[in-house]
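Please take a moment with the sequence and the 3D view before reading on.

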Amino acid sequence: MTEMHEIKYQTGMIDPLNKALGKLEAPLAPAAAGQVGWQLLAEDLSLPAAVLYEERLAHNLAWMRRFMHEYGVQLAPHGKTTMAPKLFARQLEAGAWGITLATAHQTAAAHAHGVRRVLMANQLVGRRNMEIVADLLRDPGFEFFSLVDSPELADQLGAYFSGRGQTLQVLLELGVAGGRTGVRDARQQAAVLAALARWPGALSLAGVEIYEGVLKEEADIRAFLQRAVAVTRELAAAGRFGRSPVILSGAGSAWYDVVAEEFARAEIGAPLDIVLRPGCYLTHDVGIYRAAQERILASNPVAQKMREGLLPALQLWAYVQSVPEPERAIVGMGKRDAAFDAGMPVPARLYRPGAAAPQAAPAHWEVSGMMDQHAYLRIRAGDDIRVGDMIAFDISHPCLTFDKWRHIPVLDGSLRVTDIVQTFF
């Protein structure tokens, strides 16, 4: 299938409109989309389709920018959530310090689309991955950081980048017992620092990093954050950092408020860049991150004084394709289309083609299971539901919905397409 036909099928375009398309990396400019006038409710898009809502994206960008500003901290949103360069650009335009990523190939994709500062919140392991990053570092305008938590990795990185005549900036990662990566105790920490000292020209310690999301209790999270501040202060006093400002980084999408509170109070006796990394705020959701946001709105004084919190900006639209039983409908979407690891998609809106506008989906409708391309929708006998009806579903965990779509239309308040976002997973 040619690139042009691939775009056509994925976005529901028809041949007379192909002339409106641009290059693959920017399949449709916003102005061209407005001129073409695709309308979701007019069935101009092939369903199922994941869509983004422009007004809510703009709201979430502004909300998080203000939140970070109130605490005087930096934002490096985790790009693995969307892997969408157009969205990266909007986050950077809204004041983001950089973009967080998880792998070397994600870093290469971001760099190719103009991102010039990446915090890879992961270990850089393996020759080919090191080579990808080393090649990117030939760009003098590109700043990159990755994590170390073992002397073995420090020595591997040191040997490789020494051989390339390059310097890699690294962050010491702290961890907790039973958690993910990160040094657990002072002994492990000392071993990593000793290994870094063996490679003074190849490795430069730029700061300290943690991921608090492996912990579930707020008291444990605060203790972990306080440990990170103490370690950063000790290393700064010992002159161990090769970058100024020193970086102190943490915060996934669930506890960024607590991280902001603890880190904003940090005093290490040296200039400090506090970098928080929530990625899901841009689209939010109605599941795990809505629950986290409700906690934040209930307890955080900065969030409480701001206008309404984050809003879900990502939905999946699909057709009812069969109503084989009085209490069951089959919808044309499945595991290939939407995340299901953190809860099933939630019916939000119902539209019957030809109607004036969508209406709220009945509260008792529930997705009881999904196969690859089918969802089982539990209904009640007598519900007004027909083959061809369009249903919009909210989702939980945007990361695992984004990675199922290569092109995602952006809709305005009238559900007209104004742009198309391309992903690079």
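How many nonpolar, polar and charged residues does the lining of the second largest cavity have? Before the answer, a word on what is being examined: this is a predicted model, in which local features need pLDDT of at least 70 and side-chain atom pairs count only at pLDDT 80 or more, while totals for chains, interfaces and linings use all residues. Residues are numbered from 1 along each chain as its sequence is written, and side-chain values use heavy atoms, with hydrogens and water left out.

The lining of the second largest cavity has five nonpolar, three polar and no charged residues, where Ala, Val, Leu, Ile, Met, Phe, Trp, Tyr, Cys and Pro count as nonpolar, Asp, Glu, Lys and Arg as charged, and the others, Gly among them, as polar. Rolling a probe the size of a water molecule over the atoms shows where empty space is left. On a 1 Å grid over the protein atoms alone, a cavity is a set of points where a 1.4 Å probe fits but cannot get out, whereas a pocket is an open set with protein on both sides within 12 Å along at least five of seven lines, and lining residues have an atom within 4 Å of a point. The residues that line the second largest cavity are S253, Y256, C280, Y281, H284, Y289, Q293 and L310, and about 50 Å³ of space lies in this cavity, a volume being the space filled by probe spheres set on grid points that are joined across faces, edges and corners.

The whole structure holds four cavities of 30 Å³ or more, and the largest cavity has a volume of about 60 Å³. Its lining consists of E173, L174, G175, V176, R180, T181, Y211, V214 and F224, which by class are five nonpolar, two polar and two charged residues.

The largest pocket contains about 350 Å³ of space and is lined by 21 residues, of which H78, K80, R180, Y211 and G252 lie nearest its centre. Strand β4 (residues 117–123) gives the most to the lining of the largest pocket, with three residues; here helices (H or I, at least four residues) and strands (E, at least two) are DSSP runs, numbered from the N terminus. The second largest pocket, with a volume of about 240 Å³, is lined by 14 residues, of which Y53, R56, Q315, R349 and L415 lie nearest its centre. Six of these lining residues are nonpolar, two polar and six charged, and the largest share of the lining, three residues, comes from α3.

Around such spaces the chain is packed. A nonpolar core is a set of buried Ala, Val, Leu, Ile, Met, Phe, Trp, Tyr and Cys residues joined through side-chain atoms within 4.5 Å, and buried means under 20% relative accessible area, exposed over 50%, and partly exposed in between (1.4 Å probe, protein chains only). Of the 110 residues in the largest nonpolar core, F67, L124, L157, F161 and L168 touch the most other members, and the largest share of this core, eight residues, comes from helix α9 (residues 218–237). A second, separate core of 16 residues includes L47, L411, L415 and I420. Leaving aside residues up to four places away in sequence, F67 is in contact (heavy atoms within 4.5 Å) with Y256, D257, A260, N300, V302, A303 and M306.

Most residues other than glycine have a negative phi, and most peptide bonds are trans. A251, although not a glycine, has a positive phi of about 90 degrees; this residue sits in the loop between β8 and α10 (256–264), and A251 counts as buried because its relative accessibility is 1%. H397, also not a glycine, has a positive phi of about 75 degrees and is found in the loop between β16 (390–394) and α13 (399–402). A cis peptide bond joins L47 and P48, with omega about 10 degrees, and another joins S244 and P245, with omega about 5 degrees.
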